[in-house]
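This briefing sets out strand pairing, helix packing and charged contacts for the structure shown below. Please read it alongside the sequence and the coordinates.

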Amino acid sequence: TSNHTMESIKVSDIDNPATLHVVKQGDSLKDVLQALYKHRIHSAPVIDNEQECIGWVDLNTVVDFILKISKRTKESATTPPSQNIKDDDMEMLLARSNDFKYANIIDALKETASGSDKISSRDPLLPVTSGAPISAVLRNFAAGISRVPVVSQENPKIIDTILTQCSVNSYLAEHTELLGEEGKKTVTALGLVKGTDKVVTVSEDTPTIDVLEVMSSKGMNNVGVVNERGALKGCFSSTDLKLVKEFNFRLLLKPVSEFVGKVRSNEFQSKSYLVFCDEKATLEQVVKKLAEFRVHRIFICDSAMKPVGVVSLTDISRILAKKFDWTYTSEREANT
């Protein structure tokens, strides 16, 4: 497939959900989580009273805010002041749960915006119009951005829809010829098998709050969960936070395998929900598998089921950027 074919595909060619779900600036974080869960989305624009987008909320924002609340100083009648939920008594844990439940989305965004006065989450808003070539979007994805707003030509502050990495990957899965010769290469040949020491995993008995800390520090939205032999048993994702009906900080002290089992059992989902491939899988097979399961990354496992690599949707965009010699810059290169 020639460069021209990829360049000729427009943003409007990608099948996108018809309805744009937004969050209002007055919503509580509890409302936001329920909305993300109800509409089965990972993120949403935050709009003001004039319907203009003033920021973005996603599950990474939720993770970062949980960690902020977990370190606030709390006092009670019976226990010394605590700045760590592991030292809390029941009264302190309840106070933290209420801090989360009743927090306004704007406060949460301001507190997690890394000292910036701009209300946003980790992803900057880099809008495109529906007539833009898909290569412009893939460049943003290659730079570590996970979603791109598609804005009105008349008013660039009005968002018509959202183009996500998942929706673009679904398009690629249906049009694998666009991957060209790279599509036939194995994940090993593409340099995506890194070795067990390079893959971020946690053990099944790691407290959930510690897993969130790992994810936040590495800028990741999921990690592999391994047993005592280092074999992959499942995955913990920030998406699991959407399944928490009543947010109780006591849950975060439980081992991650127990937390996942508890929240997914309400959804009739398998606790050990596993998406993986072996070292001989081709990029084309990986793209199709990611699209089939609607996930953002897939683990590469050896014959003992030990994770030796990960392929993310960002990696796929980077492979295409390299193939077509698109330039992109990334502040998050080391983290994604």
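Two strands are taken to pair if DSSP finds at least two bridges between them. In this predicted model, three bridges join strand S6 to strand S7 (residues 222-226), and the two run parallel.

- Strands S6, S7 and S8 form an open sheet in the order S6-S7-S8, and the pairing is mixed.
- Strand S6 (201-203) and S8 are the edge strands, each pairing on one side only.
- Neighbouring strands of this sheet are turned against each other by 35° on average, direction ignored.

- A three-strand open sheet has the order S1-S2-S3, with mixed pairing.
- Strand S1 (23-24) and S3 stand at the edges with a single partner strand each, so one side of each has no neighbour in the sheet.
- S1 and strand S2 (residues 43-47) run parallel and are joined by two bridges.
- Valine 23 has valine 46 in S2 as its bridge partner.

- Strand S4 (residues 147-151) is mostly covered, with five of its five residues buried.
- Both faces of S4 are covered: Arg147, Pro149 and Val151 are buried on one side, and Val148 and Val150 on the other.
- S4 and strand S5 (residues 159-164) run antiparallel and are joined by five bridges.
- Valine 151 of S4 stands opposite isoleucine 159 in S5.

**Salt bridges**

- The structure holds 14 salt bridges.
- One of these is formed by the side chains of arginine 147 and aspartate 58, at 3.1 Å from N to O.
- Arginine 147 belongs to strand S4 and aspartate 58 to strand S3 (residues 53-58), so this pair ties together parts that are 89 residues apart in sequence.
- Both arginine 147 and aspartate 58 are buried.
- The side chains of aspartate 99 and arginine 72 also meet in a salt bridge, at 3.2 Å from N to O.
- This pair links distant parts of the chain, 27 residues apart: aspartate 99 lies in helix H4 (residues 90-101), and arginine 72 in the loop between helix H3 (59-70) and H4.
- Aspartate 99 is partly exposed, with a relative accessible area of 22%, and arginine 72 is likewise partly exposed, at 26% relative accessibility.
- A further salt bridge joins the side chains of arginine 264 and aspartate 240, at 2.8 Å from N to O.
- Here the partners are 24 residues apart, with arginine 264 in helix H9 (residues 256-265) and aspartate 240 in the loop between strand S8 (232-237) and H9.
- Arginine 264 and aspartate 240 are both buried.

**Helices H6 and H11**

- The axes of helix H6 (residues 134-142) and helix H11 (residues 313-323) come within 8 Å and cross at roughly 125°.
- H6 and H11 are therefore oblique to each other, and their crossing is left-handed.
- The contact involves Leu138, Phe141 and Ala142 of H6, together with Thr314, Ser317, Arg318, Leu320 and Ala321 of H11.
- Nine of the eleven residues of H11 are buried, so this helix is largely enclosed by the rest of the structure.
- The buried residues of H11 include Leu313, Asp315, Ile316 and Ile319.
- Aspartate 325, which follows H11, has a positive phi near 60°.

**The loop between H3 and H4**

- Glutamate 75 lies in the loop between H3 and H4 and is exposed, with a relative accessible area of 61%.
- Leaving aside neighbours within four places in sequence, glutamate 75 is in contact with Pro81, Glu91 and Met92.
- Glutamate 75 and aspartate 88 are 13 residues apart in sequence, and their C-alpha atoms are 8.8 Å apart in space.

Definitions and conventions. Residues numbered from 1 in each chain as written. Predicted model: local features only at pLDDT ≥ 70, side-chain atom pairs only at ≥ 80, totals over all residues. Heavy atoms only, no water. Buried < 20%, exposed > 50% of the residue type's maximum accessible area, 1.4 Å probe, protein only. Helix = DSSP H or I, 4+ residues; strand = E, 2+ residues; numbered from the N terminus. Salt bridge = Lys/Arg side-chain N within 4 Å of Asp/Glu carboxyl O. Axes fitted to C-alpha atoms, helices over the stretch in contact; angles between N-to-C directions. Parallel < 35°, antiparallel > 145°, perpendicular 65-115°, else oblique. Left-handed = near helix turned anticlockwise from the far one by under 90°. Contact = heavy atoms within 4.5 Å.
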